[in-house]
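Open the structure in your viewer and keep the selection tool at hand. The stops below go from one selection to the next.

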Amino acid sequence: MASGADRISDLPEDVLHHVLSLLPSRDAVRTCVLAQRWRDLWRSVPAVRVAGARGWARADAFVLFVDRLLRLRRGRAALDTCDLDLRFDGPFPGGERHGNRWIRRALRRQVRVLRFLLSTVPRVPLPLPDSPLVSDSLTTLELKGVLGNNQVLDFSSCPSLVDLKMEDCYVGGLEMWSPTVRNLSMRYCFFYSNYRARIDFPSLVSFKFNKNLGRTPLLERMPSLATATVRLDHFCDDRCSNGRYDDCGDAECKGCHDYYAPSDYGCVFLEGLTEAKDLKLSAYSDVYLFNRDLKCCSTFSKLKNLVLNAWFVAPDISALTWFLQYAPLLERLTLKVSEVPNNLVETEGSYSQLEQSFAASHLQIVEIKCKEVHGIILKILEVLNANGIPLEKISIRCSGHPAQVLIQTNVNI
């Protein structure tokens, strides 16, 4: 200003707090030199935002800054958001001591949104303490690079928690539980116990389970579930080392030995998804979990949109017949097709092909996606025809072809 007046400093304190909350915390702290009015404003900003350790001479200097940033906040200043994105090219200096202290301090400040993301080279998970997280205000929690046991994975002491996201985390406990979480995402998490962990989130509406390692957990029923996306690949331990889709009987086979836990638990995973309206199931062909679960799974009575990727063609496409029979409200079906590896052994006595059924009467469209038309595509068309689905409801799209490809076959319809 020509007059030299400081109009910004005259703004109300809540406006200045909002402006500072949009900045990285290091920049927010630097505003303390602007004027007397700004000297302590950073101590009560409602958001803490820290990303990486780049730009710091030493990693321990960065750690010291974060420690003081949280410790020197004004006593009664509420913290709405705490976003700690910690990336180190080496180990996290004093990681377990500092990281856990920062999480607890944020919770004591009544934080609503807490993101604690840790990446180190080499990757070493941060062990969380053997005690539950306690907060009446926490609504969103995102964790990356941590190790949790039974106590900390019990989120029942966070009664307002709605959104939970975990990535690159180690699940060391045998149970994850929350009565309030509605949205759960788990990506690249490692279930490293020899026994199956149990996931119990009865209020869940949205569920994403993508490329996780180890034994697939036991999934309890979720009455409010609307959408679920699941992908199991070569990191999943639920595969037979002898190339079978059922129990090979070999005590040395890690995949088949002690498959169920407890032994009288029939359906491991799919039973928990039976209330979904929108479902995507993707797995490598040699991951047998879904095929085994279908033998004792109940009806998907609300399912309207279903995407099946790769696994359903093995061993005999009877999984497709199962869904046509036991998803009576299904309206849209998408099939992403791949060949069955030659080394896999078809299971004798697999759940048999069902007789023609009118259970698929609501089905409006079937989309088949593949690289090329081969024998499996013809078998799929036979199954669809046997279940009363006319060809005009079926489209086949080959990758690399710019337009929809309608295949004329010699299938007896």
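Select Lys336, which sits in strand 19 (residues 332-336). This is a predicted model. Lys336 has 32% relative accessibility, so it counts as partly exposed.

Next, select strand 2 (residues 81-88). Seven of its eight residues are buried, so the strand is largely enclosed by the rest of the structure. Show strand 1 (residues 47-51) as well; strands 1 and 2 pair in the parallel sense over five bridges. Within this pairing, find Val50, which stands opposite Leu84 of strand 2.

The remaining stops are salt bridges. Side chains of opposite charge can pair when their charged atoms come close. The count for this model is 21 salt bridges.

Go to Arg30 and Asp27, whose closest N and O atoms are 3.2 Å apart. Both belong to helix 2 (residues 25-30), and because they are three residues apart there, about one helical turn separates them. Arg30 is partly exposed at 46% relative accessibility, and Asp27 is partly exposed at 32%.

Then select Arg196 and Asp238, a salt bridge with its closest N and O atoms 2.7 Å apart. This pair links distant parts of the chain, 42 residues apart. Is Arg196 buried or exposed? Arg196 is buried, with a relative accessible area of 5%; Asp238 is buried too, at 0%.

Finish with Asp83, Arg115, Glu142 and Lys165, which are linked in a network of salt bridges.

Notes: Residues numbered from 1 in each chain as written. Predicted model: local features only at pLDDT ≥ 70, side-chain atom pairs only at ≥ 80, totals over all residues. Heavy atoms only, no water. Helix = DSSP H or I, 4+ residues; strand = E, 2+ residues; numbered from the N terminus. Buried < 20%, exposed > 50% of the residue type's maximum accessible area, 1.4 Å probe, protein only. Pairing = 2+ DSSP bridges. Salt bridge = Lys/Arg side-chain N within 4 Å of Asp/Glu carboxyl O.
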